[in-house]
Every structure is written in C-alpha cells, then in structure tokens.
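Please look over the sequence and the model, then read the points grouped below.

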Amino acid sequence: MHVFADQANFDAYVSGFLWILKLTGAAAVLALLLGVLLAAFRVSPVPVLRGFGTAWVNIFRNTPLTLIIFFCYFGLFSTLGLSLADDLDLNNYWLGVVGLSVYTASFVCEAVRSGINTVPNGQAEAARAIGLTFFQTLRIVVLPQAGRAVVAPLGSVLIALCKNATIVGTIGLMESSSVMKDLINSNGDAVIAIFAVFAGTFAALLIPTGYFFGWLANRLAVKR
Amino acid sequence: MSTSNVLYDHPGPRARIRNAVLSVVFGVGLVALLWWIYRKFDEAGQWEANLWKPFTEAKTWTQFIVPGLQQTLLAAGTGMVLSLAFGIVFAVGRLSDHRWIRVPSGAVVEFFRAVPLLLMIFFIFYGVPFLIQRPVSAFWSVVIGLTLYNGSVLTEAFRAGIRSIPGGQSEAAYAVGMRKAQVMRLILIPQAARAMLPVIVSQLVVLLKDTALGYIVAFPELLQRGVNDLAANYGNVVAAAMVVAAIYIVINTLLTLLANWLDGRARRRAFRVSKQAAPSSNQVGGPAVVEPQG
C-alpha cells in the first residue's frame, strides 16, 4: 500500500476515477435521451424514421467501441478539425463522451424496444380504442409500463458504460486504467496491490449498483 | 415486429397522407444531414481518390487487412473456447451443494464481471510480467482477459439455462440411479447448452468486438493492422476506419442473424420442455440482455 501513501499517486488515482464518473454521467444522460428517441423512431409509423433507427443500431452496435473512440479522435478531431473544447483534456473528454453516447444509445434503444414488446397488446389496443394518437399511446400508456420493464436491462447498460469509459484512455485521457498502467510500470514491486485497489474500486462501485438495479426492477415491476 | 402493428391503426386515407408527408420531411432532413456530413469530409479532402485507392490494391488486403482479420478471429475463437470451459466450470460451481465451492465461485464471477476488461488486460500485459519474471504476449493478455470476462457472463447464462430445465429431468435421472456428477454431465448440461446456443453465439459478437482492445496493447489485430498501420503508410485514417468498421459490421451482423435463427429454431422444435419454462429462460439470458462491452 506504500504506493498510495505517495500523495501524487493517490491524486492520480482519485482523478482517474473522477474522469470515469464524469464520462459515465455525461454519456449516460446523452445515451438515454438519444436511445429513447431512437426507440421511438423504430416503432413509429414513418418508414424513413424506422429505417434510420435500424441503421443506427446496426452500425454502432456492431462496431467495436475502441474503433468508435479511435475515430472520434483521429477522424473527427485530427482529420476533420472538430474541436469540442480548448483545453486538451476537456477536448478528449468530450470526444470520449460523444463516442460513448453514440455507442451506448444503440443498446439503450434495443433495451427500450424490447421493453415495449413486454407491454401486452391489449394496452395499446385499448388506448387506440379510446382514440389516443400514436404519440399519446406511446407517451401515456406504453412507455411508462415499458420503462418499468427496462430498469434491469438499462442497469446493465449503465454498468457496461461505466466499464467502457476506461477505453477513453486510448485517446490520452488519464482515466483510471491509464493511471493503473503508469503506476504498475513505475512500481513493479507492488503490482498486485495496485491491481487490487483499482479493480476493487470498480467492484465496490459496480457490484452494489447491479444489486440496486435488481432490487429496483423487482420493486417497480408491473404486476400482471 | 408485432409492436409496430399494435401501436397505431392500419393507416386510413388521412393517416396515409400524413405519413407520406412526414416521410418526405424526414427523408429530406436525413438527406440534408448526410449531405452535410459528405461536405464536411469533402472540405477536409477525405474523398480524394489517392486515399481510397489503396483499397483496390491487393497489397493492402494481403499485408494489412487479412492478417489483422486472422488475428482477430483467432483471438475471438480461442477466447470463446476458453470462456465456454470457464463458464461451464463456474456455472456448475455456483450450483454446487457445497457452500465452500458455491461461495468462492460466485465471488470470482461477480468480481470479473465488475472489473473493466481493459483494466484486466493492462494488469496481465504490464503487471503479470513483474510477477512471473518474463513477458506475457499481447495475444495471451487479450485472450485471458476476454476469457475471464466473457466466461463470467456465460456462467450466469449457463446457470440460468441449467435452472430453467424442469425438475423432472434430474429427478428421473436420480431415479434411474445416476450420481450427482452424472446428472449434471449427461442430463442437465447438454440440454442447457442447447437452449443457450443463441446466447453463446450473441456473446461471440461481444467477444469479437472486444478483441479490438488488443489495439491498445499493440496486438496486431484488425484495428491495429487495418486502421493504425495502414493509415501510417497511406495517411488515410478516415477511409481505413470506415472500411474496417464495415468489415466488423458485416461479420457481427452475420453472427447476430445466426443467433436469431438458432433462437427461432430452438423455440420452434428443440428443447421440448414445458412451454412455461421457455419464456423464463429467455428473459434471463436472451440476446437482448447480454451486456454490451468494448
């Protein structure tokens, strides 16, 4: 544990996990909004929108996140000159958020869509029978019930997102996995302690999150 | 696609006009968006022929893309075989009657599911050489990392699969005098594996995508060879990334189609357990629930 007694190392450890939390937070919000919108597209009566949603999901769900993040940096930033912030770290951070959200949105979309599938047909039929439009049916009747069914899948998407945030280290943000790599390289005698601290922090963060979402899903489940 | 028919009525004359108008409006918007993206790339000179010309030359494919793809498939294949073994062993461990086997297996699986794959690969690639006093190859650090993570995910899938098999199966096996190990090996695992086949194939998609993490530890897989090294020679990073992305998308789409076909087939005929058991097994481990990663 002497590695973390050094103030500089400890600060690096803390800032690494702060980056992870910031990446997760921003990307989670964006991916949720984008994912629900895409899911609405995919069940809409307009074929163009359905096609757009399907194309998005098929493209981004099947591309490795590493490639997407790589492209955000070398493609969007270096080649096309898209700069999201003046500060170097902040720019990489926002490029990472863009990559993570675009990728995660496709999983959110699929989770929400399968949630919509769990709502019995009778619900939407009854909504239509009393004259609700497509948007009213979706907003008032179907999505609230689907939302309860997707708590557990969205929970695992969130957990995966938090773990995936480490990949943003590829484009030079000093998040926790890059910090761990540096600490291991400079402290070869304390490899196991360093790994235990970093992996343990992730486990301490994510295992309770998993149980929390399981509990929440049970609590919110629609009794049928 | 039953949902799309339930959420709105069969369009009448007015709805049909409205849908047509919306289609045109959004279609124009979409084309405008694509045009804008095209223009942006054009301004940066990304459509110039010399950037795309390498893809018409055999050398590009034989020296960069195909060897990279081979390494990717090799890592994914090895990782899949090992994670299947890991998954079966730990699923049996978690279902054991002995607490001293059950609890540690559960802890191992929970731990590896919670630790990011990249962290694990870094530990194996940079950390383990300090412990064993010799280097670990990038290939094995990627494969071992993939095995630990995907094996843990498959453990949960197998456990759900084994649990979804009706109790009558193992009761009958015990009644004809089989031992616990025989029941597991001859009765439960074969049936669970069959029911879990779609999950296993869709996990293969996750695994294949995760091999791209090898790029970070300089493992010469598809992203490393096809994008990084190729662009270092021709300076066409955007073009190369698009071509390689297309390769990943095609392979993964084919695997997803295979998983869906297997799923449909399993639902249609095989696995003649009671109809009540089937939906619950799908809820726990259906393709939609598999965690995305990397």
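What share of the contacts in chain A with a separation of 6 or more is accounted for by residues 24 or more positions apart? Such residues account for 74% of those contacts, two residues being in contact if their C-beta atoms, placed from the backbone, lie within 7 Å. This is a predicted model, in which local features need pLDDT of at least 70 and side-chain atom pairs count only at pLDDT 80 or more, while totals for chains, interfaces and linings use all residues. Residues are numbered from 1 along each chain as its sequence is written, and chains are lettered from A and ligands numbered from 1 in the order in which they are written.

**Chain A overall**

- Chain A has 10 helices and zero strands; helices (H or I, at least four residues) and strands (E, at least two) are DSSP runs, numbered from the N terminus.
- Its C-alpha atoms fill a box of roughly 70 × 45 × 25 Å along the principal axes.
- Of its 224 residues, 48% are buried, a term for residues with 20 or more other C-beta atoms within 10 Å of their own, these atoms being placed from the backbone.

**Helix α5 of chain A**

- The 31 residues of α5(A) should span 45 Å at 1.5 Å a residue, and the end C-alpha atoms are 45 Å apart, which agrees; the expected span is 1.5 Å times one less than the number of residues.
- Because 23 of its 31 residues are buried, α5(A) is largely enclosed by the rest of the structure.
- A:Arg113 lies in this helix and is buried, with 22 other C-beta atoms within 10 Å.
- Beyond its neighbours within four places in sequence, A:Arg113 contacts A:Ala39, A:Arg42 and A:Val43.
- A:Arg42 is 71 residues from A:Arg113 along the chain, yet their C-alpha atoms are separated by 7.9 Å.

- Not counting residues up to four places away in sequence, B:Ile121 touches B:Ser141, B:Val142, B:Gly145, B:Leu213 and B:Val217.

**Contact between the chains**

- Chain A gives 59 residues to the contact and chain B gives 51 residues.
- Helices of chain A that each supply at least two residues to the side touching chain B include α5 (88–118) and α10 (191–220).

Technical notes: A residue is buried if 20 or more other C-beta atoms lie within 10 Å of its own, exposed if 12 or fewer, and partly exposed in between; C-beta atoms are placed from the backbone.
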